[in-house]
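Here's a quick walk through a protein model, with the structure just below. Keep it open while you read, and look up each residue as it comes along.

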Amino acid sequence: MAAKLHEECGIFAVSEGKTPLDVVTACYYGLFALQHRGQEGCGIAVNHSKNISLYRDLGLVSQVFTKDVLEKIPGGSMAVAHARYGTTGDNNRMNVQPLVINHKKGKMALAHNGNLINDFELRDELESKGSIFHTTSDSEVIAYIITKYRLQTSTIEQAVVKAMDEIKGAYSICVMTDEKLLVARDPRGFRPLVIGTLGDRFIFASETCALDTVGATFLRDVEPGEVVSCVDGELVSDRTHCKKEPKSLCVFELLYFARPDSIIDSIPVLNARLRAGSFLALEHPVQADVVIGVPDSGITAAIGYSRQSGIPYGVGLIKNKYIGRTFIQPQQGQRDTGVKIKLNAIKSTVEGKRVVLIDDSIVRGTTSKRIVQLLRDAGAKEIHLRSSAPKFLYPCYFGTDIDSSENLMAYKYTDDEMKSLLGVDSLGFLSTENVTKLSDTGIEGFCTACFSGNYPIKNNKTKNKFRLE
Ligand code: SF4
(Lines give C-alpha, C1' and ligand atoms only; values in the text may rest on other atoms or scores of the structure.)
Protein backbone atom coordinates (compact mmCIF):
# COMPACT_ATOMS: atom_id res chain seq x y z
CA MET A 1 0.00 0.00 0.00
CA ALA A 2 1.33 3.39 -0.96
CA ALA A 3 1.60 6.36 1.40
CA LYS A 4 -1.35 7.83 -0.50
CA LEU A 5 -4.36 5.88 -1.67
CA HIS A 6 -4.90 5.04 -5.27
CA GLU A 7 -7.96 4.52 -7.39
CA GLU A 8 -7.86 1.62 -9.76
CA CYS A 9 -9.17 2.77 -13.11
CA GLY A 10 -10.75 5.19 -15.53
CA ILE A 11 -12.96 4.11 -18.41
CA PHE A 12 -13.94 5.93 -21.57
CA ALA A 13 -15.91 4.88 -24.66
CA VAL A 14 -17.32 6.34 -27.88
CA SER A 15 -20.42 4.92 -29.62
CA GLU A 16 -21.12 4.60 -33.33
CA GLY A 17 -22.68 7.59 -35.07
CA LYS A 18 -22.80 9.69 -38.20
CA THR A 19 -21.00 12.63 -36.58
CA PRO A 20 -17.48 12.54 -38.07
CA LEU A 21 -15.05 11.63 -35.29
CA ASP A 22 -11.66 9.98 -35.01
CA VAL A 23 -12.66 7.59 -32.20
CA VAL A 24 -9.05 6.65 -31.36
CA THR A 25 -8.01 10.27 -30.87
CA ALA A 26 -11.17 10.90 -28.79
CA CYS A 27 -10.22 7.95 -26.55
CA TYR A 28 -6.67 9.25 -26.26
CA TYR A 29 -7.92 12.64 -24.99
CA GLY A 30 -10.50 10.93 -22.77
CA LEU A 31 -7.81 8.77 -21.17
CA PHE A 32 -5.60 11.79 -20.73
CA ALA A 33 -8.36 13.47 -18.70
CA LEU A 34 -8.72 10.31 -16.59
CA GLN A 35 -5.00 9.72 -16.04
CA HIS A 36 -5.35 10.58 -12.32
CA ARG A 37 -7.46 7.41 -11.88
CA GLY A 38 -4.72 5.06 -13.02
CA GLN A 39 -1.10 5.40 -14.12
CA GLU A 40 0.14 1.82 -14.42
CA GLY A 41 -1.11 1.06 -17.91
CA CYS A 42 -3.69 1.96 -20.51
CA GLY A 43 -5.30 0.65 -23.66
CA ILE A 44 -7.74 1.34 -26.48
CA ALA A 45 -9.89 -1.28 -28.27
CA VAL A 46 -11.32 -0.16 -31.61
CA ASN A 47 -14.17 -1.68 -33.58
CA HIS A 48 -13.55 -1.42 -37.31
CA SER A 49 -15.86 -3.29 -39.65
CA LYS A 50 -16.93 -5.63 -36.80
CA ASN A 51 -13.32 -6.53 -35.98
CA ILE A 52 -11.88 -5.47 -32.65
CA SER A 53 -8.23 -4.35 -32.56
CA LEU A 54 -6.49 -3.75 -29.27
CA TYR A 55 -3.49 -1.65 -28.33
CA ARG A 56 -2.40 -1.62 -24.66
CA ASP A 57 0.77 -1.36 -22.62
CA LEU A 58 2.23 -0.43 -19.26
CA GLY A 59 2.88 3.29 -18.74
CA LEU A 60 1.21 6.68 -18.80
CA VAL A 61 -1.13 7.60 -21.67
CA SER A 62 1.54 9.88 -23.19
CA GLN A 63 4.15 7.09 -22.98
CA VAL A 64 1.96 4.32 -24.40
CA PHE A 65 0.16 6.28 -27.12
CA THR A 66 2.98 8.07 -28.87
CA LYS A 67 2.36 9.77 -32.22
CA ASP A 68 3.76 6.71 -34.05
CA VAL A 69 1.52 4.30 -32.15
CA LEU A 70 -1.60 6.44 -32.68
CA GLU A 71 -0.92 6.60 -36.42
CA LYS A 72 -0.70 2.81 -36.62
CA ILE A 73 -4.01 2.09 -34.85
CA PRO A 74 -6.71 1.63 -37.48
CA GLY A 75 -9.65 4.05 -37.30
CA GLY A 76 -13.05 2.60 -36.46
CA SER A 77 -16.72 3.18 -35.80
CA MET A 78 -16.60 2.91 -31.98
CA ALA A 79 -14.02 2.35 -29.27
CA VAL A 80 -13.47 1.65 -25.60
CA ALA A 81 -10.48 2.73 -23.51
CA HIS A 82 -9.08 2.17 -20.06
CA ALA A 83 -6.47 3.62 -17.67
CA ARG A 84 -5.41 1.18 -14.95
CA TYR A 85 -4.17 1.32 -11.42
CA GLY A 86 -4.22 -2.31 -10.32
CA THR A 87 -5.56 -3.20 -6.88
CA THR A 88 -6.43 -6.77 -7.89
CA GLY A 89 -3.98 -8.79 -9.92
CA ASP A 90 -0.35 -8.15 -10.74
CA ASN A 91 1.05 -5.13 -12.46
CA ASN A 92 1.90 -6.82 -15.73
CA ARG A 93 0.99 -6.12 -19.32
CA MET A 94 -1.59 -8.92 -19.47
CA ASN A 95 -3.67 -7.19 -16.79
CA VAL A 96 -3.81 -3.91 -18.72
CA GLN A 97 -7.29 -3.31 -20.18
CA PRO A 98 -9.48 -3.35 -22.21
CA LEU A 99 -9.61 -7.14 -22.24
CA VAL A 100 -10.62 -8.64 -25.56
CA ILE A 101 -12.29 -12.06 -25.58
CA ASN A 102 -13.20 -14.27 -28.53
CA HIS A 103 -16.21 -16.50 -27.94
CA LYS A 104 -18.72 -18.57 -29.86
CA LYS A 105 -21.01 -15.62 -30.61
CA GLY A 106 -18.30 -13.14 -31.52
CA LYS A 107 -15.79 -10.81 -29.90
CA MET A 108 -16.07 -8.67 -26.82
CA ALA A 109 -13.91 -5.91 -25.31
CA LEU A 110 -14.36 -5.07 -21.64
CA ALA A 111 -13.15 -2.18 -19.47
CA HIS A 112 -13.78 -2.27 -15.72
CA ASN A 113 -13.43 0.13 -12.79
CA GLY A 114 -13.91 -1.32 -9.29
CA ASN A 115 -13.29 -4.54 -7.41
CA LEU A 116 -15.41 -7.65 -7.09
CA ILE A 117 -15.71 -9.20 -3.63
CA ASN A 118 -16.59 -12.71 -4.86
CA ASP A 119 -14.02 -12.99 -7.66
CA PHE A 120 -12.10 -15.85 -5.99
CA GLU A 121 -15.22 -18.01 -5.68
CA LEU A 122 -16.31 -17.23 -9.24
CA ARG A 123 -12.83 -17.88 -10.64
CA ASP A 124 -12.69 -21.20 -8.78
CA GLU A 125 -16.03 -22.24 -10.19
CA LEU A 126 -15.11 -21.21 -13.74
CA GLU A 127 -11.72 -22.95 -13.57
CA SER A 128 -13.30 -26.15 -12.29
CA LYS A 129 -15.48 -26.08 -15.42
CA GLY A 130 -12.52 -25.69 -17.74
CA SER A 131 -11.99 -21.93 -18.11
CA ILE A 132 -8.36 -20.91 -18.55
CA PHE A 133 -7.54 -17.44 -17.27
CA HIS A 134 -4.89 -15.31 -18.94
CA THR A 135 -4.76 -12.59 -16.29
CA THR A 136 -4.91 -12.36 -12.51
CA SER A 137 -7.47 -9.54 -12.52
CA ASP A 138 -11.11 -9.78 -11.44
CA SER A 139 -12.10 -8.06 -14.70
CA GLU A 140 -11.45 -11.29 -16.60
CA VAL A 141 -13.88 -13.03 -14.25
CA ILE A 142 -16.56 -10.50 -15.25
CA ALA A 143 -15.76 -11.07 -18.94
CA TYR A 144 -16.12 -14.87 -18.56
CA ILE A 145 -19.39 -14.63 -16.60
CA ILE A 146 -20.86 -12.36 -19.30
CA THR A 147 -19.60 -14.76 -21.98
CA LYS A 148 -21.18 -17.71 -20.14
CA TYR A 149 -24.59 -16.02 -20.27
CA ARG A 150 -24.03 -14.74 -23.81
CA LEU A 151 -24.22 -18.37 -24.94
CA GLN A 152 -27.66 -18.70 -23.30
CA THR A 153 -29.24 -15.35 -24.20
CA SER A 154 -30.22 -13.71 -27.46
CA THR A 155 -28.63 -10.29 -26.71
CA ILE A 156 -25.50 -9.03 -25.00
CA GLU A 157 -27.67 -6.76 -22.81
CA GLN A 158 -29.48 -9.82 -21.40
CA ALA A 159 -26.15 -11.53 -20.77
CA VAL A 160 -24.87 -8.51 -18.79
CA VAL A 161 -28.10 -8.31 -16.76
CA LYS A 162 -27.83 -12.04 -15.93
CA ALA A 163 -24.12 -11.67 -15.05
CA MET A 164 -25.05 -8.93 -12.57
CA ASP A 165 -26.96 -11.57 -10.55
CA GLU A 166 -23.63 -13.33 -9.95
CA ILE A 167 -20.92 -10.69 -9.69
CA LYS A 168 -20.85 -8.90 -6.32
CA GLY A 169 -18.96 -5.77 -5.39
CA ALA A 170 -17.97 -2.56 -7.12
CA TYR A 171 -18.03 -2.33 -10.88
CA SER A 172 -18.59 0.26 -13.55
CA ILE A 173 -18.04 -1.56 -16.85
CA CYS A 174 -18.06 -0.84 -20.53
CA VAL A 175 -18.61 -3.67 -23.03
CA MET A 176 -18.07 -3.43 -26.78
CA THR A 177 -19.06 -6.28 -29.10
CA ASP A 178 -18.79 -6.58 -32.89
CA GLU A 179 -22.05 -4.63 -33.09
CA LYS A 180 -22.84 -2.85 -29.86
CA LEU A 181 -21.57 -0.66 -27.09
CA LEU A 182 -23.05 -0.82 -23.60
CA VAL A 183 -22.23 0.12 -20.02
CA ALA A 184 -23.35 -1.06 -16.60
CA ARG A 185 -22.94 0.20 -13.04
CA ASP A 186 -23.20 -2.04 -9.98
CA PRO A 187 -26.47 -1.85 -7.99
CA ARG A 188 -24.87 0.26 -5.25
CA GLY A 189 -23.07 2.63 -7.59
CA PHE A 190 -19.69 2.48 -5.81
CA ARG A 191 -17.81 3.94 -8.79
CA PRO A 192 -19.02 6.79 -10.99
CA LEU A 193 -20.05 6.49 -14.64
CA VAL A 194 -21.51 9.23 -16.83
CA ILE A 195 -23.08 9.60 -20.26
CA GLY A 196 -22.46 12.49 -22.63
CA THR A 197 -23.33 13.33 -26.22
CA LEU A 198 -21.13 14.49 -29.06
CA GLY A 199 -23.29 15.16 -32.12
CA ASP A 200 -25.29 11.96 -32.54
CA ARG A 201 -22.70 9.86 -30.71
CA PHE A 202 -22.76 8.85 -27.05
CA ILE A 203 -19.67 9.11 -24.86
CA PHE A 204 -19.31 7.12 -21.63
CA ALA A 205 -16.73 8.06 -19.03
CA SER A 206 -15.77 7.57 -15.39
CA GLU A 207 -15.92 11.32 -14.83
CA THR A 208 -17.44 14.39 -16.44
CA CYS A 209 -13.98 16.00 -16.83
CA ALA A 210 -13.34 13.52 -19.68
CA LEU A 211 -16.56 14.60 -21.42
CA ASP A 212 -15.45 18.24 -21.20
CA THR A 213 -12.06 17.36 -22.66
CA VAL A 214 -13.51 15.91 -25.86
CA GLY A 215 -16.18 18.63 -26.17
CA ALA A 216 -19.08 16.32 -25.25
CA THR A 217 -22.19 17.54 -23.43
CA PHE A 218 -23.10 15.86 -20.14
CA LEU A 219 -26.39 13.98 -20.44
CA ARG A 220 -26.75 12.10 -17.15
CA ASP A 221 -25.15 9.65 -14.72
CA VAL A 222 -25.64 5.93 -15.29
CA GLU A 223 -27.94 4.89 -12.41
CA PRO A 224 -26.69 2.34 -9.88
CA GLY A 225 -27.79 -1.07 -11.24
CA GLU A 226 -28.56 0.27 -14.74
CA VAL A 227 -27.45 -1.29 -18.03
CA VAL A 228 -27.41 1.24 -20.88
CA SER A 229 -26.82 0.24 -24.49
CA CYS A 230 -26.61 2.21 -27.72
CA VAL A 231 -29.08 0.85 -30.27
CA ASP A 232 -29.67 2.56 -33.64
CA GLY A 233 -28.51 5.90 -32.29
CA GLU A 234 -30.71 5.72 -29.17
CA LEU A 235 -29.97 4.86 -25.55
CA VAL A 236 -31.83 1.79 -24.30
CA SER A 237 -31.95 1.27 -20.56
CA ASP A 238 -32.49 -1.90 -18.51
CA ARG A 239 -33.29 -1.19 -14.85
CA THR A 240 -33.71 -4.78 -13.61
CA HIS A 241 -31.04 -4.21 -10.94
CA CYS A 242 -31.91 -0.60 -10.06
CA LYS A 243 -33.17 0.46 -6.62
CA LYS A 244 -32.88 -3.03 -5.14
CA GLU A 245 -30.09 -1.94 -2.84
CA PRO A 246 -29.22 1.40 -1.23
CA LYS A 247 -26.73 3.56 -3.06
CA SER A 248 -23.13 3.45 -1.76
CA LEU A 249 -21.03 5.87 -3.80
CA CYS A 250 -17.42 5.79 -2.55
CA VAL A 251 -17.19 9.01 -0.54
CA PHE A 252 -13.44 9.08 -1.19
CA GLU A 253 -14.23 9.85 -4.84
CA LEU A 254 -15.43 13.25 -3.60
CA LEU A 255 -12.58 13.81 -1.15
CA TYR A 256 -9.62 12.65 -3.19
CA PHE A 257 -9.94 10.38 -6.24
CA ALA A 258 -11.99 12.43 -8.67
CA ARG A 259 -10.83 15.57 -10.40
CA PRO A 260 -12.23 18.74 -8.78
CA ASP A 261 -13.80 19.83 -12.08
CA SER A 262 -15.92 16.65 -12.24
CA ILE A 263 -19.52 16.31 -11.12
CA ILE A 264 -20.41 12.90 -9.66
CA ASP A 265 -24.04 11.87 -9.17
CA SER A 266 -25.04 15.58 -9.27
CA ILE A 267 -22.41 16.54 -6.66
CA PRO A 268 -19.74 19.01 -7.84
CA VAL A 269 -16.48 17.56 -6.47
CA LEU A 270 -15.02 21.02 -5.84
CA ASN A 271 -18.00 22.02 -3.67
CA ALA A 272 -17.76 18.76 -1.70
CA ARG A 273 -14.10 19.52 -0.88
CA LEU A 274 -14.92 23.10 0.14
CA ARG A 275 -17.61 21.73 2.46
CA ALA A 276 -15.19 19.19 3.92
CA GLY A 277 -12.84 22.08 4.79
CA SER A 278 -15.68 24.08 6.24
CA PHE A 279 -16.83 21.17 8.46
CA LEU A 280 -13.23 20.70 9.60
CA ALA A 281 -13.04 24.34 10.70
CA LEU A 282 -16.23 23.89 12.73
CA GLU A 283 -15.12 20.58 14.25
CA HIS A 284 -11.48 21.45 14.90
CA PRO A 285 -11.08 25.22 15.32
CA VAL A 286 -7.70 26.68 16.28
CA GLN A 287 -6.07 30.12 16.70
CA ALA A 288 -3.73 30.51 13.72
CA ASP A 289 -2.28 33.01 11.23
CA VAL A 290 -2.58 31.14 7.93
CA VAL A 291 -4.31 28.10 6.37
CA ILE A 292 -2.37 26.16 3.73
CA GLY A 293 -3.23 23.00 1.76
CA VAL A 294 -1.14 20.05 0.58
CA PRO A 295 -1.32 20.06 -3.24
CA ASP A 296 -3.43 19.04 -5.00
CA SER A 297 -6.57 17.83 -3.29
CA GLY A 298 -5.83 19.42 0.11
CA ILE A 299 -5.95 22.90 -1.45
CA THR A 300 -9.71 23.14 -1.97
CA ALA A 301 -10.44 21.89 1.55
CA ALA A 302 -7.93 24.48 2.85
CA ILE A 303 -9.89 27.24 1.08
CA GLY A 304 -13.07 25.87 2.70
CA TYR A 305 -11.40 25.90 6.13
CA SER A 306 -10.17 29.46 5.58
CA ARG A 307 -13.60 30.75 4.49
CA GLN A 308 -15.33 29.17 7.49
CA SER A 309 -12.73 30.16 10.10
CA GLY A 310 -11.82 33.59 8.77
CA ILE A 311 -8.10 32.69 8.94
CA PRO A 312 -6.42 33.87 5.70
CA TYR A 313 -5.57 31.26 3.07
CA GLY A 314 -1.99 31.17 1.85
CA VAL A 315 0.06 29.20 -0.66
CA GLY A 316 2.50 27.40 1.62
CA LEU A 317 3.52 24.39 -0.47
CA ILE A 318 4.39 24.11 -4.15
CA LYS A 319 4.36 20.85 -6.08
CA ASN A 320 6.68 19.91 -8.92
CA LYS A 321 4.16 18.95 -11.59
CA TYR A 322 6.62 17.21 -13.84
CA ILE A 323 7.33 14.11 -11.79
CA GLY A 324 5.89 11.08 -13.54
CA ARG A 325 6.03 7.37 -12.81
CA THR A 326 9.39 7.11 -14.54
CA PHE A 327 10.99 9.34 -11.90
CA ILE A 328 13.71 7.37 -10.10
CA GLN A 329 12.48 7.15 -6.51
CA PRO A 330 15.11 7.91 -3.84
CA GLN A 331 16.62 4.98 -1.94
CA GLN A 332 16.04 4.44 1.78
CA GLY A 333 17.86 7.18 3.65
CA GLN A 334 17.19 9.69 0.85
CA ARG A 335 13.45 9.87 1.46
CA ASP A 336 13.54 13.45 2.70
CA THR A 337 15.20 14.46 -0.55
CA GLY A 338 12.34 12.68 -2.32
CA VAL A 339 9.65 14.76 -0.67
CA LYS A 340 11.67 17.96 -1.30
CA ILE A 341 11.84 17.13 -4.99
CA LYS A 342 8.07 16.69 -5.13
CA LEU A 343 7.09 19.50 -2.76
CA ASN A 344 8.68 22.67 -1.46
CA ALA A 345 7.61 25.01 1.34
CA ILE A 346 7.21 28.74 0.77
CA LYS A 347 9.11 30.45 3.55
CA SER A 348 7.43 33.83 3.18
CA THR A 349 4.02 32.24 3.84
CA VAL A 350 4.91 30.13 6.88
CA GLU A 351 7.95 31.64 8.61
CA GLY A 352 7.16 32.64 12.19
CA LYS A 353 3.48 31.76 11.64
CA ARG A 354 0.92 29.52 13.32
CA VAL A 355 -0.01 27.33 10.36
CA VAL A 356 -3.15 25.23 9.78
CA LEU A 357 -2.07 22.50 7.35
CA ILE A 358 -4.89 20.72 5.48
CA ASP A 359 -4.29 17.36 3.82
CA ASP A 360 -6.90 15.23 2.05
CA SER A 361 -6.13 12.19 4.20
CA ILE A 362 -3.58 10.56 6.49
CA VAL A 363 -2.91 6.96 5.54
CA ARG A 364 0.44 5.68 6.84
CA GLY A 365 1.53 9.12 8.01
CA THR A 366 4.96 8.95 6.36
CA THR A 367 4.28 11.70 3.79
CA SER A 368 2.54 13.93 6.35
CA LYS A 369 5.55 13.65 8.67
CA ARG A 370 7.95 14.76 5.95
CA ILE A 371 5.73 17.68 4.95
CA VAL A 372 5.54 18.82 8.57
CA GLN A 373 9.36 18.74 8.70
CA LEU A 374 9.54 20.81 5.48
CA LEU A 375 7.34 23.45 7.12
CA ARG A 376 9.36 23.41 10.34
CA ASP A 377 12.56 23.87 8.30
CA ALA A 378 10.91 26.84 6.60
CA GLY A 379 10.30 28.42 10.01
CA ALA A 380 6.66 27.57 10.84
CA LYS A 381 6.10 28.39 14.54
CA GLU A 382 3.13 26.06 15.10
CA ILE A 383 1.63 23.41 12.82
CA HIS A 384 -1.99 22.31 13.24
CA LEU A 385 -2.66 19.37 10.93
CA ARG A 386 -6.23 18.74 9.76
CA SER A 387 -7.35 15.87 7.55
CA SER A 388 -10.37 16.43 5.30
CA ALA A 389 -11.01 12.66 5.42
CA PRO A 390 -11.92 10.86 8.64
CA LYS A 391 -9.47 8.38 10.22
CA PHE A 392 -8.73 5.38 8.02
CA LEU A 393 -9.33 2.35 10.26
CA TYR A 394 -10.47 -0.46 7.96
CA PRO A 395 -9.48 -1.99 4.61
CA CYS A 396 -11.34 -1.27 1.38
CA TYR A 397 -12.59 -4.14 -0.81
CA PHE A 398 -14.23 -2.02 -3.45
CA GLY A 399 -11.42 -0.79 -5.65
CA THR A 400 -8.77 1.08 -3.68
CA ASP A 401 -5.50 -0.12 -2.21
CA ILE A 402 -6.29 0.14 1.52
CA ASP A 403 -5.44 -3.50 2.08
CA SER A 404 -4.81 -3.94 5.77
CA SER A 405 -5.64 -2.09 8.98
CA GLU A 406 -2.11 -2.76 10.25
CA ASN A 407 -0.75 -0.28 7.67
CA LEU A 408 -3.07 2.52 8.78
CA MET A 409 -1.64 5.07 11.20
CA ALA A 410 -4.97 5.89 12.84
CA TYR A 411 -5.56 2.20 13.51
CA LYS A 412 -2.19 1.67 15.16
CA TYR A 413 -1.87 4.79 17.30
CA THR A 414 -3.88 7.00 19.64
CA ASP A 415 -4.43 10.68 18.75
CA ASP A 416 -1.66 11.76 21.14
CA GLU A 417 0.77 9.21 19.71
CA MET A 418 -0.03 10.35 16.15
CA LYS A 419 0.46 13.99 17.13
CA SER A 420 3.87 13.24 18.54
CA LEU A 421 4.92 10.95 15.65
CA LEU A 422 3.89 13.54 13.07
CA GLY A 423 5.51 16.36 15.02
CA VAL A 424 2.45 18.64 15.03
CA ASP A 425 0.98 20.94 17.67
CA SER A 426 -2.56 19.68 17.14
CA LEU A 427 -4.34 17.17 14.94
CA GLY A 428 -7.94 16.82 13.77
CA PHE A 429 -9.89 14.62 11.37
CA LEU A 430 -13.24 15.21 9.69
CA SER A 431 -15.91 13.15 11.48
CA THR A 432 -17.59 10.17 9.81
CA GLU A 433 -20.88 11.93 10.53
CA ASN A 434 -19.99 14.99 8.45
CA VAL A 435 -18.29 13.05 5.65
CA THR A 436 -21.78 11.89 4.62
CA LYS A 437 -22.92 15.53 4.31
CA LEU A 438 -20.54 16.63 1.56
CA SER A 439 -23.32 17.31 -0.94
CA ASP A 440 -24.68 20.84 -0.60
CA THR A 441 -28.05 19.65 -1.96
CA GLY A 442 -28.53 16.96 0.68
CA ILE A 443 -27.77 14.00 -1.60
CA GLU A 444 -27.05 10.89 0.47
CA GLY A 445 -25.98 7.29 -0.09
CA PHE A 446 -22.24 6.89 0.46
CA CYS A 447 -19.87 4.08 1.29
CA THR A 448 -17.79 5.10 4.33
CA ALA A 449 -16.57 1.60 5.22
CA CYS A 450 -12.86 2.40 5.49
CA PHE A 451 -13.71 5.02 8.14
CA SER A 452 -16.69 3.46 9.89
CA GLY A 453 -16.32 -0.30 9.36
CA ASN A 454 -19.91 -0.40 8.05
CA TYR A 455 -19.39 -2.38 4.86
CA PRO A 456 -22.29 -1.97 2.41
CA ILE A 457 -21.79 -5.60 1.33
CA LYS A 458 -20.58 -8.21 3.78
CA ASN A 459 -18.36 -10.95 2.38
CA ASN A 460 -15.65 -13.44 3.16
CA LYS A 461 -12.96 -10.84 2.55
CA THR A 462 -14.36 -8.59 5.30
CA LYS A 463 -14.66 -11.44 7.83
CA ASN A 464 -12.16 -11.21 10.71
CA LYS A 465 -10.81 -7.91 9.41
CA PHE A 466 -12.82 -5.67 11.72
CA ARG A 467 -10.94 -3.71 14.29
CA LEU A 468 -11.20 -4.95 17.88
CA GLU A 469 -12.38 -1.97 19.92
S1 SF4 B 1 -14.24 1.51 1.76
FE2 SF4 B 1 -13.59 3.67 1.62
S3 SF4 B 1 -12.30 3.81 -0.24
FE4 SF4 B 1 -13.43 1.84 -0.32
S5 SF4 B 1 -15.28 2.28 -1.51
FE6 SF4 B 1 -15.84 2.55 0.64
S7 SF4 B 1 -15.43 4.78 1.04
FE8 SF4 B 1 -14.40 4.23 -0.87
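Ile173 stands opposite Ala184 in β8, and that pair is a handy way into the strands around it. This is a predicted model, so local features need pLDDT of at least 70, side-chain atom pairs count only at pLDDT 80 or more, and totals for chains, interfaces and linings use all residues. Residues are numbered from 1 along each chain as its sequence is written.

**Around β8**

- Strand β7 (residues 172-177) runs antiparallel to β8, with five bridges between them; two strands pair if DSSP finds at least two bridges.
- Strands and helices here are DSSP runs numbered from the N terminus: E with at least two residues for strands, H or I with at least four for helices.
- What joins β7 to β8? A hairpin does, through three residues.
- β8 also pairs with strand β12 (residues 227-231), again in the antiparallel sense, over four bridges.
- Val183 has Val228 as its bridge partner in β12.
- Strand β8 (residues 181-185) is mostly covered, with five of its five residues buried; buried means that 20 or more other C-beta atoms, placed from the backbone, lie within 10 Å of the residue's own.
- Both faces are covered: Leu181, Val183 and Arg185 sit on one side, Leu182 and Ala184 on the other.

**A buried loop residue**

- Ile73 is in the loop between α3 (67-72) and β4 (78-84).
- Why does Ile73 count as buried? Because it has 21 C-beta neighbours inside 10 Å.
- Setting aside neighbours within four places in sequence, Ile73 is in contact with Val24, Ile44, Val46, Ser53 and Tyr55; contact means that the C-beta atoms, placed from the backbone, lie within 7 Å.
- Ile73 and Ala45 are 28 residues apart along the chain, and their C-alpha atoms are separated by 9.4 Å.

**The open parallel sheet**

- Four strands make an open sheet in the order β17-β20-β21-β22, with parallel pairing.
- β17 (290-293) and β22 (426-429) are at the edges with a single partner strand each, so one side of each has no neighbour in the sheet.
- From one strand to the next, the twist averages 20 degrees; axes are lines fitted to C-alpha atoms (for helices, over the stretch in contact), and angles run from 0 to 180 degrees between N-to-C directions.
- Strand β21 (residues 382-387) pairs with β22 over four bridges, and Arg386 stands opposite Gly428 in β22.
- Helix α10 (residues 297-309) packs on the sheet, touching β17, β20 (354-359) and β21, and its direction makes about 160 degrees with that of β17.
- Helix α15 (residues 415-422) packs on the sheet too, touching β21 and β22, at about 120 degrees to the direction of β22.

**Two domains**

- The chain is divided into domain 1 (9-245) and domain 2 (272-320 + 334-442), with bounds from an automatic or database domain assignment.
- Their C-alpha centres lie 35 Å apart.
- Nine residues from domain 1 and five residues from domain 2 take part in the contact.

**Around the ligand**

- Which residues surround the ligand? Among them are Phe190, Cys250, Phe252, Cys396 and Thr448.
- α8 (251-257) and α17 (449-452) each supply at least two residues of this shell.
- The shell has nine nonpolar residues, two polar and no charged; Ala, Val, Leu, Ile, Met, Phe, Trp, Tyr, Cys and Pro count as nonpolar, Asp, Glu, Lys and Arg as charged, and the others, Gly among them, as polar.

Notes:
A residue is near a molecule or strand if its C-beta atom, placed from the backbone, lies within 6 Å of it. Two residues are in contact if their C-beta atoms, placed from the backbone, lie within 7 Å. A residue is buried if 20 or more other C-beta atoms lie within 10 Å of its own, exposed if 12 or fewer, and partly exposed in between; C-beta atoms are placed from the backbone.
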